[in-house]
Amino acid sequence: MANLANTMNKVKILVVGDSGVGKTSLVHLICHGEVLGNSSWTIGCSVEVRIHEFREGTPSQRPYFVEFWDVGGSGSHRNARHVFYTPVHGIILTHDLTNRKSQVNLHRWLAEVLLREAGGGSGGGAGGGRNRSSLLVEDFDAENFGGFAQVYGLKKVPVFVVGTKLDLMGTYRSYNRSRGSTIAEECSADEINVNTQDPRSLAPGSSNAVKLSRFLDKVIEKQAVLRGEVDREGGGFSSYSSSYSFPPPPSSSSSSSLATSRRAKTSFSSISSPPVMPSSPTSPSSSYLIG
């Protein structure tokens, strides 16, 4: 398995959305295929990894490490969390089906990530003035989203929309359940609704699992084209030789300090060589805290 870790490439996917929508439970379900027993508020960022078979069932099938960066949604850290946004290969926008505002706020989350990423990850700190990106996010107008997406390269970053707490929809009438989210339509993105307390929501072969797999393939394919592993999108692999290493904690700016804490026995900060991966597609996780 150690040799396998040496030959696999990786992609990074940001999981963003308002605080309390269930991002951590969603990532745990995606990576482990089981319900998270005790969920806690994410302070800073938590990272989990799963192995995804790119183009499964075809001659071009390859295993990839997919990193899911679960970014805490607390507003008190909005000026510091930009350190987690660069680079970004894909974005999962997460909202609570019982909270209409969390869905509306997805426009601002997408604007925040893309503007920070386009600006090289720079952002206004707690002790400094607000930069142009911060102002654009705060003044973001959802009605102008189409033009914004074209200017900041939305088409270059695959987007996936997930609605959580499907099991609670029966007690809420906040909006028509049959209606998809506006942002998914604007991004031409796939969208699924899940109950993170039920593993069947992402059971292998289910419609939700197929859509998620298709999104991961899209993220990987775009990066494979950029790295020259495939000649073009949809083409075959031209070469495949790369190394995987777990990401170090992101560097801090003068406006924020980061500390690394362990959420599992294996922490990214303690790995100096490619890890021996378990037999099942589960993964160690790591938390990056913003102080």
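Predicted model: local features only at pLDDT ≥ 70, side-chain atom pairs only at ≥ 80, totals over all residues.
Asn208 belongs to helix H8, which covers residues 207-226, and its relative accessibility of 16% places Asn208 among the buried residues, because buried means under 20% relative accessible area.

Attention then turns to the aromatic rings. A pair of aromatic rings is described by the distance of the centres and the angle of the planes. The count of such pairs comes to three. In one of them, the ring centres of Phe54 and Tyr64 lie 5.9 Å apart with the planes at 70°, so that this pair is classed as edge-to-face, given that planes over 60 degrees apart count as such. Since Phe54 is located in strand E2 (residues 45-54) and Tyr64 in strand E3 (residues 62-71), the pair ties together parts that are 10 residues apart in sequence. Phe54 is buried, having a relative accessible area of 1%, and Tyr64 is likewise buried, with a value of 0%.

For Phe160 and Phe215, the ring centres are 5.1 Å apart and the planes stand at 15°, so this pair is stacked. Phe160 is buried at a relative accessible area of 1%, and Phe215 is buried at 4%.

An aromatic ring also takes part in an arrangement with a lysine, as Lys12 lies over the face of Trp69 at 4.1 Å from the ring centre.

Technical notes: Residues numbered from 1 in each chain as written. Heavy atoms only, no water. Helix = DSSP H or I, 4+ residues; strand = E, 2+ residues; numbered from the N terminus. Buried < 20%, exposed > 50% of the residue type's maximum accessible area, 1.4 Å probe, protein only. Phe/Tyr/Trp six-rings, centres within 6.5 Å; stacked < 30°, edge-to-face > 60°. Lys NZ or Arg CZ within 6 Å of the ring centre and 35° of its normal.
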